[in-house]
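Please examine the model shown below together with its sequence. The paragraphs that follow lead through its sheet, its helices and several residues of its loops.

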Amino acid sequence: MAAITPSQPAPRTVSPAVRNKALAAGAGRWLRDLPDLVAELEREWSITVGRSYEDPTEAFVAEATLADDRPAVLKLLIARPGDLARHEITVLQLADGEGCARLLRDDVARGALLVERLGRSLHQLALPIAQRHEILCSAAARIWRSAPGCHLPTGADKGRELADVIPAAWEELGRPCSERAIADALSCLASRIAAHDDERAVLVHGDVHQWNALQAAGDGFKLVDPDGLVAEAEYDLGVVMREDPLELLHGDPHERARWLAARCGLDATAIWEWGVAERVATGLLLTKIELQPVGRQMLATADHVAS
């Protein structure tokens, strides 16, 4: 549900990135059955599904209207192994509309969510980077809270996952960035895994960027598409470090981490290290699903900061 840009062609279509990701995940049947699943949910949830959005990378996302004419958004996650739907639904339930889109209906088994419809994305507003970072920090901080017993992955779990994924994807894709960048990412992950502290960990969104921050009527901005972790809050700001990669090619790239840390009262080193790892992991993923040029830009920046 990354950006609110309804597509003009017929509804119930998926973006090329979603199609590529679904096929890579072996979810061809999900693509074929998608129209039937949408029709089932229309009947069961008493909604009318309209135009799909152009920009999602993880799910089919479309406008929906409730029986009482309230606007909403239907999201159907790509069917694949794991608990992605449960994690996202858990975050939205715990946030209860604070900092995140409000959850209206859900079905974990079918990877289906119905959420409040928000306005334009931060990306569409084309605000200066400093203003965007202020908005993202404010929205993320509204989500951070203690969440004991929520059964979400921890920051250490996420670190171990990325440490497995990064070298495998690098080899699979023909080593599209330097070995130095891979070593840097793995070193940073080892540091963050060792630093995980259950007592300090909070609920984090997990994917805080300008496509996931949408205008909320009378309520600033809210975030959509949470990955859902219980981790140090610095993880969310590491994702902010990952984005706008070309900006980090000029001047001192650590300055962004220092600003984010000062803004939120957090640790600049932790923010930097999560940013290094997220930049490499996401650059490789975007390369795999052919979402360019941003994938190449992230990997080029990973090479730059590793040097």
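Is E278 buried or exposed? This is a predicted model, in which local features need pLDDT of at least 70 and side-chain atom pairs count only at pLDDT 80 or more, while totals for chains, interfaces and linings use all residues. Residues are numbered from 1 along each chain as its sequence is written, and side-chain values use heavy atoms, with hydrogens and water left out. E278 is buried, because its relative accessible area is 5%; buried means under 20% relative accessible area, exposed over 50% and partly exposed in between, with a 1.4 Å probe and protein chains only. The residue is found in helix α10; helices (H or I, at least four residues) and strands (E, at least two) are DSSP runs, numbered from the N terminus. Apart from neighbours within four places in sequence, E278 is in contact (heavy atoms within 4.5 Å) with K158, L162, Y235, G238, V239, R242 and G283.

The structure holds one aromatic pair. Its members are Y235 and W274, in an edge-to-face arrangement with 4.7 Å from centre to centre and 75 degrees between the planes. Rings of Phe, Tyr and Trp (its six-membered ring) pair if their centres lie within 6.5 Å; planes under 30 degrees apart count as stacked, over 60 as edge-to-face and the rest as tilted. The pair links distant parts of the chain, 39 residues apart: Y235 belongs to helix α8 (residues 234-242) and W274 to helix α10 (residues 268-288). Both Y235 and W274 are buried.

Helix α8 also meets helix α9 (residues 254-264): their axes come within 10 Å and cross at roughly 145 degrees. Axes are lines fitted to C-alpha atoms, for helices over the stretch in contact, and angles run from 0 to 180 degrees between N-to-C directions. The crossing of α8 and α9 is right-handed; a crossing is left-handed if the near helix is turned anticlockwise from the far one by less than a right angle, and right-handed if clockwise. L237, V240 and M241 of α8 make the contact with R256, A257, L260 and C264 of α9. These residues comprise six nonpolar, no polar and one charged, where Ala, Val, Leu, Ile, Met, Phe, Trp, Tyr, Cys and Pro count as nonpolar, Asp, Glu, Lys and Arg as charged, and the others, Gly among them, as polar.

Helix α10 crosses helix α11 (residues 294-306) at roughly 140 degrees, with the axes coming within 8 Å. This crossing is left-handed. Among the residues that make the contact are W272, V280 and L284 of α10 and M298, L299 and V305 of α11. The contact residues divide into nine nonpolar, five polar and one charged.

The loop between α10 and α11 contains P293, and the peptide bond from Q292 to P293 is cis, with omega near 15 degrees. E290 lies in the loop between α10 and α11 as well; its phi is near 60 degrees, a positive value in a residue other than glycine. Most residues other than glycine have a negative phi, and most peptide bonds are trans. E290 counts as exposed, because its relative accessibility is 64%. A positive phi of about 55 degrees is also found at A126, which is not a glycine and sits in the loop between α4 (122-125) and α5 (129-141).

β1 is joined to strand β2 (residues 59-66) by four bridges.

Strand β5 (residues 112-116) has four of its five residues buried. Five bridges join β5 to strand β3 (residues 71-77), with L113 as the bridge partner of K75. Four bridges connect β5 with strand β4 (residues 103-107), and here V115 is the partner of L103. Four residues separate the strands in the hairpin of β4 and β5, where G111 takes a positive phi near 60 degrees.

Key: Pairing = 2+ DSSP bridges.
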